[in-house]
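Q: I am new to this structure and would like a close look at one pair of packed helices. Please take me through it slowly, and finish with the ligand site for context.

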Amino acid sequence: MGDGSPAIDALQHTGATYPPPAAIAAGAVVRDPGVWERAAADPIAWWEEQAGHLEWSSRWTRTLDDDDAPFFRWFTGGTLNIATNCLDRHLAERGERVAFHWEGEPGDRVTITYRELHARVSRFANALRGLGVGRGGRVAIYMGMVPELPIAMLACARIGAAHTVVFGGFSAQALCDRMIDFGATVLVTQDEAWRAGKTIALKASADQALAGAPGVAHAVVCRRTGGDINWVEGRDAWFHDLEQAADPDCPAEPMDAEQMLFALYTSGTTGKPKGIVHTTGGYLTGAASTHRMVFDLHDDDIYWCAADIGWVTGHSYIVYGPLANGATSVMYEGGPGFPAQDRLWQIVERYRVSILYTAPTAIRTFMKWGDALPAGHDLSSIRILGSVGEPINPEAWEWYRQSIGGGQAPVVDTWWQTETGSMMISPLPGLNTLKPGSASRPLPGISARVVGEDGQDVPDGQGGYLVIDRPWPSMLRTLLGDDQRYVDTYWSRFPGLYLAGDGCRIDDDGDFWLLGRIDDVMNVSGHRLSTIEVESALVDHPAVAEAAVVGRADPITGEAIAAFVTLRDGVHGDEALIAALREHVAQQIGPIAKPASIVLTPDLPKTRSGKIMRRLLRDVSEHRQLGDVTTLANEEVVGEIAAQAATNPHGED
Ligand code: PRX
């Protein structure tokens, strides 16, 4: 938790409401308004029904095992293979159907059918076997948005190995830490990635990371840009060479429903990222069922989730959910503004995208770029719009529906987390009346509440802590290697209730309004970073004595990182040092963690017990009137920091 009680403010409701368009309501995947009640009356039966959409090698014997709560297990005794579900079972009826319309940033395009994807996954799975990876093996993946990324993930799943995908924007140090924590023996990476017309030297970072992770014996390198890279004989191999040399036939391993499919690292309230563990049967049940219901997926839909696979959104809604449903997706490699700011709308028009899923930070950027860009393209194919990653402000919601959705398309604001594995609170587009800024209500089978400090439900309209009071199949199972931290983080604040870490309010209609994080986790462009992670990176610099970091409200990125730094005695602080500090954070964590502003200050505001008053720093950053500061041990410093912050917004991008 942060300092003191959470600041839970209600978002403003504009009063607008949008019932489902008749055309969507009439043919929707979920049309029964009694669906929530039916699921709530018998959640176990509901989840059995959802799991029944998958292909199981052997049926489970117990649906929910809660003997060791909060270490819940789902579909125990059952076996299945994720790659079989995502690929093989579609071959007979829809093998020639396009799985991915892939578009590279420079403009190259590849169309991959389910049959082709199956063939490439099978070969690469055998290639991994050749590198000693088998059931229970561990593979790290550090790539850009190339087709070989989902191929590598599915290849792991096919042979029963677990993967951890490390977002390509993370630094060598972050990759190294994650590979070690995960116990990876193989790293799959690429020479360079394209981003906004520039190349990102992934292999060079991987080389650095590998130097610190001797347990990783092999690096498989996908050739993307053809740029020069360093090569370690005996350790490095080309992706395509291995793939071509491999046996095309690779029977899929039936895996236990509770076998780990992947771990994905995310920021918590300490400096050490948490390895969120997801398993096989429950995870796919959640990802596939929500993808089908929330996006109202029909056979002729062209679906595009414009996230990066390095985050959970890409795992569940670019790879596993859509492929399990046999959907046709668009996958785009690069930046939204390259070569021009209408790149996304070109893509929507080219492929006739009917379902688009993106983040509020992107939507606000498009808003800023202006209406003329989307208006210059035929976006009439759009049927459903999705939002994820942070609360969406009503203005951006309205713009999205109007300027991208033609004033027709429902916007499904989907609340969920890396931990939840799949969407938890979201409208169903054929049923819910939408309110801009509200994520509507918990999906069928999900039971969420809003409680106060005492763990009791707060009255409607009042802010409190969002909790989930019933287990769900795609929930995280633990934190890799740290069961105690799993219990402490999620299940200790209110015994028996899963603590999401978000503030929330429920209105009179039962609609949920998410209010942002209530802990020291920041949400920058929909990416989770902890204040302490960034502070540790700053303090790691030899010039820094102490650092405090807060997220301050930002009109585009949601939050921006504001850092306050005291230097060691004798160190001279100037612009060059500030630039060096920002670069240092980029090296330690990744460019996404660079503070937007750094204020140098002789001291940080602290309570008498020595706790840094981050809330006060947030007030300073957002230029708010400061309240009572007399509880501080060093009252005088506040005026100085405020003056500094006002006159000197150091390092602002
Ligand atoms: O604060 C919530 C916010 O993002 C956090 C989860 O971040 P991460 O694990 O990185 O997963 C992001 C993609 C699922 C949540 O605790 N968040 C996510 N979606 C929403 C949201 N806040 C409000 N509304 C949303 N739709």
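A: The model is predicted, so local features need pLDDT of at least 70 and side-chain atom pairs pLDDT 80 or more, while totals for chains, interfaces and linings use all residues. Numbering starts from 1 along each chain as its sequence is written, and side-chain values use heavy atoms, without hydrogens and water.

Helix H4 covers residues 82–94 and helix H5 residues 114–130; helices here are DSSP runs (H or I, at least four residues; strands are E, at least two), numbered from the N terminus. Their axes come within 9 Å and cross at roughly 145 degrees (lines fitted to C-alpha atoms over the stretch in contact, with angles from 0 to 180 degrees between N-to-C directions). On the H4 side, Cys86, Leu87, Asp88, His90, Leu91 and Arg94 make the contact (heavy atoms within 4.5 Å). H5 answers with Tyr114, Arg115, Leu117, His118 and Val121. By class, this contact has six nonpolar, two polar and three charged residues.

Now for the ligand. Around it are 17 residues, with Asp413, Thr414, Thr418, Asp502 and Arg528 the closest (a heavy atom within 4 Å counts as near). A polar backbone atom of threonine 414 is 2.8 Å from a nitrogen atom of the ligand. The protein covers 96% of the 540 Å² of accessible area that the ligand has on its own (Shrake-Rupley method, 1.4 Å probe).

Key:
A polar contact is a pair of N or O atoms within 3.5 Å; within protein, one must be able to donate a hydrogen and the other to accept it, and residues adjacent in sequence count only if both atoms are side-chain atoms. Ala, Val, Leu, Ile, Met, Phe, Trp, Tyr, Cys and Pro count as nonpolar, Asp, Glu, Lys and Arg as charged, and the others, Gly among them, as polar.
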